[in-house]
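Work through these exercises with the model open beside you. Try each task before you read its solution.

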Amino acid sequence: MKDWFSKGSVSDEKSVELVSNLKENKEENFGDSNDSFHNKPILVAFRGSSTTVGNKHSGIFLNLIELLGKYDNILKQHLVNHNKGAISYISPKIQNEFICLLGQTVRNKILSKIKKAKYFFLLFDCIPDVSHNEQMAEEIHYVDIDNGKITVEESFIDFINTEEKTGDGLAMEILSKLKADELDVQNVREQGYDNGVNMSGKYHGVQAVILNKNNLATFIPCAAHCLNLSGVHAASANVKVQFFFDVIQKIYTFFVKSTTRWKILMDTLKISLKGHSDIRWASKAQAVKAMNSQIKEVFKVLQNISDSELNLETKSTAKNLLQLINFDFLCLLNIWNQILSSIDRVNQALQNKSLSLEKASNLLLGLKNALQEIHDTTMEDNFTNATKVTEELQISTTLKESRTKKRKRLELYETDDDVINISAEQNFRITIIDSIDILLTHITWRYKKIMEISNDFEFFSGHSLTNMNSHDLQKATADLGLKYNENINTAEIVEEIKDFKHAALLILPSIESVTFLDLLQMIHDYKLKESYPNIEIAIRIFLSMPITTASCERSFSKLKLIKTYLRSTMAQERLSSMTILSIETEIASKLDYEEVIDKFADTKARKISL
């Protein structure tokens, strides 16, 4: 270890021993390497109102230093001999400098991996923090090759404090940040944002501005946001469906607004009821599932409350809610539980950061098929299940007739054709079928770009390599080479694919089920990169394309845990550094502290080395 104290104004041997001892007893980790974004730490003030060690208002950091000093003689001596105005290296400024230095070290390691990977995918999203500042999260999706092991990574880089709202302004800030990180925008292969107009706008959105700089930076809308918007449109397309979700929320609100009513409910139910919102479509799935599995118990609790000795308003509200739980509601509850369960399972799978575009497109295709099956075959089963429940609850098993609108009486020669009268059952079927049709239409439309890109690379799948003839493979490869001609030599990759097909079939016995990651791992395991350089590049480009911006949403969860109302004045650099240390804890835990302390010493050097 360098005597870094000798570079500054302090060269006391005890101080050197102090630092050495602290380094030997340093914590091995910043936190558990398996720590998830959702592990919530205990929020305590890091600093107090006093900077004097031993003062009861000095804060958790200095209290910890004082505690360690009781068991470490060198640290104890340093604290005893410390005079006001002397350098102690425990001041708030030094704390911030160390945090920022550690954060920048982790960031540099991540950026070096991205530069080594070359091709990467941009992920940006915005949210206001507790200080009402707009924070834009920067995440990069890339393929990391470390000692022959290949992984698909999605790394947090920074929070950018922005005041921009327009697509042009946000795009300029993103381009400036990429330049500051020494990342070439020409190596961006895809962009991923939410569906806001300023981000995804066709002409003046962020994606359009960056696409003008690099025509290969294709925009892929976030799959999770798209699925959410598809569901919102389907749920809001019909008055009956809107009213159905309103009833679920009214029942939940009725119980949650009173501790007495909630206790009565919890004494009966196995799981609690859930509320829902349009922002998180998954919440609707949870709310409908909880209600569907416990509708009998909820109905009985409402009956007990309506017959109880509680206040008149509570009993009246319970009776009104009982009237809303009719055959129509039970039919919609059953069918929407099936629809939302199918959507939620796919939505959860799409949020996996290692999910490839190929798997995502297969999941979406499977969702379309599942919704189509509900559309075609499950209506009768739905009526049967709802009828059983209504009979147990002793309520009417007939659907509610829609009120016929009054029409202006016209003269005989002015009248149109007779209006076709439909039954309540037919009207209910139309409601459900209309909602599912809207879902299918939106899914098809919103995922068109994902399907197009997936189809460009589909010939690399194990199934295609097994079943496609050489002519079709070469044609598909040539089309891909023409699209990515800046990275791939079309003539060479067409020749490579002929041999690669046979090599893959021999090396991978179960090639039908292999993934793109398996193919890339095979190329590196068998040292085939020099033999098939263009194929290796093509697969890396494909794997660098994520399907969702869920990681940005997770970084916002960290933002809310780190920058609380107690820390609302936290500086931007400290915020970004603490966030990257928390999110990228696996990299942070492997830092070389000797190197970090040497960097700190260099920044504090006051003497010129001769």
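**Exercise 1. A ring pair**

Are Y193 and F219 buried or exposed?

Solution. This is a predicted model, where local features need pLDDT of at least 70, side-chain atom pairs count only at pLDDT 80 or more, and totals for chains, interfaces and linings use all residues. Residues are numbered from 1 along each chain as its sequence is written, and side-chain values use heavy atoms, with hydrogens and water left out.

Step 1. Apply the cut-offs: buried means under 20% relative accessible area, exposed over 50%, and partly exposed in between (1.4 Å probe, protein chains only). Y193 is buried, and F219 is buried too.

Step 2. Check the rings. Rings of Phe, Tyr and Trp (its six-membered ring) pair if their centres lie within 6.5 Å; planes under 30 degrees apart are stacked, over 60 edge-to-face, and the rest tilted. By this rule there are 16 aromatic pairs. Y193 and F219 form one that is stacked, with 5.9 Å centre to centre and 20 degrees between the planes.

Step 3. Helices (H or I, at least four residues) and strands (E, at least two) are DSSP runs, numbered from the N terminus. Y193 lies in the loop between strand 4 (188–192) and helix 6 (197–200), and F219 in strand 5 (residues 218–219), so the pair ties together parts 26 residues apart in sequence.

**Exercise 2. A second pair and a cluster**

Classify the ring pair of F244 and F329.

Solution. Step 1. The ring centres are 5.3 Å apart and the planes are at 45 degrees, so the pair is tilted.

Step 1. F244 belongs to helix 9 (residues 239–256) and F329 to helix 14 (residues 327–350), so this pair joins parts 85 residues apart in sequence. Both F244 and F329 are buried.

Step 2. Look for a cluster. Ring pairs link F457, F459, F460, Y484, F516 and F542.

**Exercise 3. Charges over rings**

Which ring does R261 lie over, and which does K284 lie over?

Solution. Step 1. Use the rule: NZ of Lys or CZ of Arg must be within 6 Å of the ring centre and within 35 degrees of the ring normal.

Step 1. R261 sits over the face of F254, 4.5 Å from the ring centre. K284 sits over the face of F245, at 5.3 Å from the ring centre.

**Exercise 4. C226**

Which residues is C226 in contact with, leaving aside its neighbours within four places in sequence?

Solution. Step 1. Find C226 in helix 8 (residues 223–236). C226 is buried, at a relative accessible area of 1%.

Step 1. With those neighbours set aside, C226 is in contact with N195, P221, R446 and Y447. The C-alpha atoms of C226 and H442 are separated by 8.5 Å, although the residues are 216 apart along the chain.

**Exercise 5. Positive phi**

Where does H132 lie, and where is E182 found?

Solution. Step 1. Most residues other than glycine have a negative phi.

Step 1. H132 has a phi near 65 degrees. H132 lies in the loop between strand 1 (120–128) and strand 2 (134–146), and is exposed at 72% relative accessible area.

Step 2. E182 has a positive phi of about 60 degrees. E182 is in the loop between helix 5 (167–180) and strand 4, and counts as exposed at 59% relative accessibility.

Key: Contact = heavy atoms within 4.5 Å.
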